[in-house]
Amino acid sequence: MRRRTTGTIAVVSALGMTAVLGGCGSTGSSDVTLRLVAADYGDSPANSSKKYWDDLAAEYESHHSGVKVEVSVYSWNDVDRKVKEMVDAGHAPDLAQIGAYADYAAAGKLYQVSDLLSIRTQADLLSQLSDAGEWKHTQYGIPFAASTRVLFYNKTLFAGAGITPPTTWDQLAADARALKDKGVKYPYALPLGPEEAQAETMQWLLSGGSGYTDDVGTYTLDSAQNMETFAWLKDELVGKDLTGPVAPGKLNRADAFAAFADGQVGMLTGHPTLIQQAGRKGVKFGTVPMPGRTGKARASMGVADWMMGFRQNGHAEQIGDFLDFVYSEKNVLTFSRTYGLLPVTGSASTAMSTSGKSSDKVLRPFLDQLPTSELYPVGKTSWASVSAAVKQNIGQAVAPGGSPSGVLTRLQSTATAADSGTAG
């Protein structure tokens, strides 16, 4: 059984693809066109998410003659803006897979997940991801793909320096010093540039025992633990020239990954896509959990991309049926394997964790961390502006002459104002 409203919009998410299903018509037997806007998880035309979605839509349409699925795929640099422009112009897609859902949920533009997905599909979604899709205790965001972060290290460079992977911050700093003494360009790559600084920041905050928010969801960027974390980074890594020739505040994640794939980085935190990128260049690497201050970090950072269904065009029945198809074990596994990402359903996760495929085995360190990972506070409508502020400013906290406490205090003020609705 599935619960429905009078209209329908479903969401399909794939950690990096954008699809929009929109169209005209009723939810009855007449022909319906669903428009889907999705993000592109590929890194070349050959593996663009457009091919994945086109194949999926064609297969679905072959068994549903009254439904047509039109897919538009945009890069991650453009997809959120494209969807916002469509919504602002009064032409919301039926489905959008983008980075955040809370603003649209708060504006009353989205369907509840229970109005779209069958009970069986809802039950198969991993609970911690479903919970992260809630705004005011109601789920509006459907996770489509996920990833966690681990510490990657270059086995060749580590062997040359006679060191082993770190399990504490002190060991990480000592390893970085040994790598620098061997002439390694980036002993520890610390990408705090504007591309994805919020991710590197969150992983270090978790390693230090805190995070962006406390247990009840209040922002805590200026907590004593967070200030100590960034003071350590500034003094023990950046200040001792162990993070490479590019200032952390100007080093973007993509550039850090590329440098690792070129054999220039000793250590960095990374997500599953780095496996393929480094493997193509022949880099011998290993992965371990991110170290904490005195031992294993309390949690890994998890990331999920979101599918959401917009209410404007109706079509709840068709959207829900399409999404049930999208979230089948076979289709979730196909997408996850194609792009080196983690499944968001229990059935696909079990299949991947018990698989003998080598490509599945390399994802297990990430898969093992997913149940206890901590996600961005995506259920807060303020998160988008807070994330943007972190991206633009956090690099200053570790810059020469910078003040970790001053930067975090200012970011806390920004977060508090945004959360109370007084920002912007």
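Predicted model: local features only at pLDDT ≥ 70, side-chain atom pairs only at ≥ 80, totals over all residues.
## An exposed loop residue

Asp-43 counts as exposed because its relative accessibility is 55%. Exposed means over 50% relative accessible area, buried means under 20%, and partly exposed lies in between (1.4 Å probe, protein chains only). Asp-43 sits in the loop between strand E2 (32-39) and helix H1 (49-63). Helices (H or I, at least four residues) and strands (E, at least two) are DSSP runs, numbered from the N terminus.

Residues are numbered from 1 along each chain as its sequence is written, and side-chain values use heavy atoms, leaving out hydrogens and water.

## Two helix pairs

Two packed helices are described by the angle between their axes and the distance between the axes. Here, axes are lines fitted to C-alpha atoms, for helices over the stretch in contact, and angles run from 0 to 180 degrees between N-to-C directions. Take helix H7 (residues 169-181) and helix H9 (residues 224-238). Their axes come within 11 Å and cross at roughly 25°. That makes H7 roughly parallel to H9. Angles under 35 degrees count as roughly parallel, over 145 as roughly antiparallel, 65 to 115 as roughly perpendicular, and the rest as oblique. On the H7 side, the contact (heavy atoms within 4.5 Å) is made by Trp-169, Asp-170, Leu-172, Ala-173 and Ala-176. H9 supplies Thr-229, Trp-232, Glu-236 and Leu-237.

Helix H10 (residues 253-261) and helix H11 (residues 273-280) form another pair. Their axes come within 8 Å and cross at roughly 40°. H10 and H11 are therefore oblique to each other. Phe-257, Ala-258, Phe-260 and Ala-261 of H10 meet Thr-273, Leu-274, Gln-277 and Ala-278 of H11.

## Helices with a buried side

H11 has three residues to look for: Leu-274, Ile-275 and Ala-278 are its buried ones. Seen down the axis of H11, they fall within an arc of 105°, so they line one face of the helix. The arc is that of the directions from the helix axis to the C-beta atoms. Their cover includes strand E8 (150-154), H10, strand E10 (265-270), strand E11 (285-288) and H16. Just after H11, Gly-282 takes a positive phi of about 80°.

In helix H14 (residues 346-353), the buried residues are Ala-348, Ser-349, Ala-351 and Met-352. They cover an arc of only 160° around the axis, which puts them on the same side of H14. They pack against helix H13 (329-339), helix H15 (358-361) and helix H16 (364-369). An α-helix has 3.6 residues a turn, so residues three or four places apart point the same way.

## A buried threonine

Thr-201 belongs to helix H8 (residues 197-207). Thr-201 counts as buried because its relative accessibility is 2%. Leaving aside residues up to four places away in sequence, Thr-201 touches Leu-192, Tyr-212, Phe-230, Val-390 and Ile-394.

## Positive phi in loops

Lys-136 is not a glycine, yet its phi is positive, about 50°. Its place is the loop between strand E5 (134-135) and strand E6 (138-139). Lys-136 is exposed, at 64% relative accessibility.

Asp-241 is not a glycine either, and its phi is positive, about 60°. Asp-241 lies in the loop between H9 and H10. Asp-241 is partly exposed, with a relative accessible area of 43%.
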